[in-house]
Amino acid sequence: MRTEQFKRILQRLNTLRPEQLEELATAVSLRQAAAASYRALDDARGGACCRHCGSLAVVRYGRAHGLQRYRCKDCSRTCSAVTGTPLTGLRMKERFAKNTECMSKRMTVRETAAECDVSVSTAFRWRHRFLKAVVPQQPAGVEGLLEVDETYFLHSLKGQRKLPRAARSRGGKAKRRGISREQVPVVVAIARGQGFTADRVFEPGMKGKDLVEALRGVVKPDTVVCSDGNAAYFALQRELGVTLKMFSASKHGSAINPSFHVQTVNSYHSRMKAWLNGQFRGVATKYLPNYVAWQRLLAWFKQDVTPEQFIASSLGRQLINT
Ligand SMILES: [Zn+2]
């Protein structure tokens, strides 16, 4: 818009009635949110390259659905920042920044739907698409002291229409006490004082070899792993060469060295359970890895993640655990 035109608009603001001014303010803020969403998406993946063949020979090729489009000189195909990411194919991209704001506040799907003015099913779909790329964003080659411990979530078919078993009343309890096939283990490993967090959701009946597979890239042979009780952890020492410091769960920390404990992980687990089992009243086991990744993302940014950071993470750029 030309400067004179713009000046004329500004001058005419004085003639607006209060309710018109209100309406204008809403329109401006929606426009700003949309611009923020598109900018965050466009900027998130860094340098432009072809999402199909990886070629760097791309040229700007107009805009599509609000986003910068590129055309590849090698394969002739076009792409944008969302091509080939979990966010591709989602509509109403202008509300993505708002969605990440809601998610960084750990809002329920209903609250998010209301805030973004979308249906509950859209908010639900967005939630899981935005978390998908975050699941594999684990740390690598952690040095120093790593606290590792597991917690259990009751197996849940929440949201599933046909239940293969009788429904539990009000979320319910496990039929049997203790660790059974109904309990889904979630292992969390935190490098103390470094902010790195690794996690993995296992099938019920987690074995040592599962742990080894999950932590192989995370640790180095000189990592000191602190854990309590579970015999599965011995496999880490045997297979990965780490130094294992096991202690009894009933005593907080080892009698030999009081810094050998898993209290950082335990409090991380409690916060996660309070959120997922309390505020969210339990989550479907199928989606548990996404929720665990959500917790990890927010913890890394100390609950203060910007829409740009969240969107970049959702597009698959690893900003956490690095
Ligand atoms: Zn290409």
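User: What is the bridge partner of valine 186 in β6?
Analyst: Valine 186 has valine 201 as its bridge partner in that strand. This is a predicted model, where local features need pLDDT of at least 70 and side-chain atom pairs count only at pLDDT 80 or more, while totals for chains, interfaces and linings use all residues. Residues are numbered from 1 along each chain as its sequence is written, and side-chain values use heavy atoms, with hydrogens and water left out.

User: In what sense do β5 and β6 pair, and over how many bridges?
Analyst: Antiparallel, over five bridges, between β5 (residues 183-191) and β6 (residues 197-201). Pairing takes at least two DSSP bridges; helices (H or I, at least four residues) and strands (E, at least two) are DSSP runs numbered from the N terminus.

User: Which residue in that hairpin takes a positive phi?
Analyst: Glycine 193, with phi near 75 degrees; the hairpin has five residues between its strands.

User: New topic. Which residues are the protein donors of the zinc ion?
Analyst: Cys50, Cys53, Cys72 and Cys75, each through SG, at 2.3 to 2.4 Å from the ion. Donors are N, O and S atoms within 2.8 Å of the metal (3.2 Å for Na, K and Ca); water is not among the atoms, so sites may look incomplete.

User: What spacing do they follow along the chain?
Analyst: The zinc donors follow C-x2-C-x18-C-x2-C. Cysteine 50, in the loop between α2 (18-44) and β1 (58-64), and cysteine 72, in strand β2 (residues 67-72), are 22 residues apart, and the pair links distant parts of the chain.

User: Is cysteine 50 buried or exposed?
Analyst: Cysteine 50 counts as buried because its relative accessibility is 2%. Cysteine 72 is also buried, at 1%. Buried means under 20% relative accessible area, exposed over 50%, partly exposed in between (1.4 Å probe, protein chains only).

User: How much space lies in the largest pocket?
Analyst: About 600 Å³. A pocket is an open set of points on a 1 Å grid over the protein atoms alone, with protein on both sides within 12 Å along at least five of seven lines; lining residues have an atom within 4 Å of a point.

User: How many residues line the largest pocket, and which are closest to its centre?
Analyst: There are 22, and Val109, Phe124, Lys158, Gly159 and Tyr291 are the closest to the centre.

User: What gives the most to that pocket lining?
Analyst: α5, with five residues. α4 (109-116) and α5 (120-132) each supply at least two residues of the lining.

Key
1 Å grid on protein atoms, 1.4 Å probe; cavity = no way out; pocket = protein on both sides within 12 Å on 5 of 7 lines; lining within 4 Å. Points joined across faces, edges and corners; volume = space filled by probe spheres on them.
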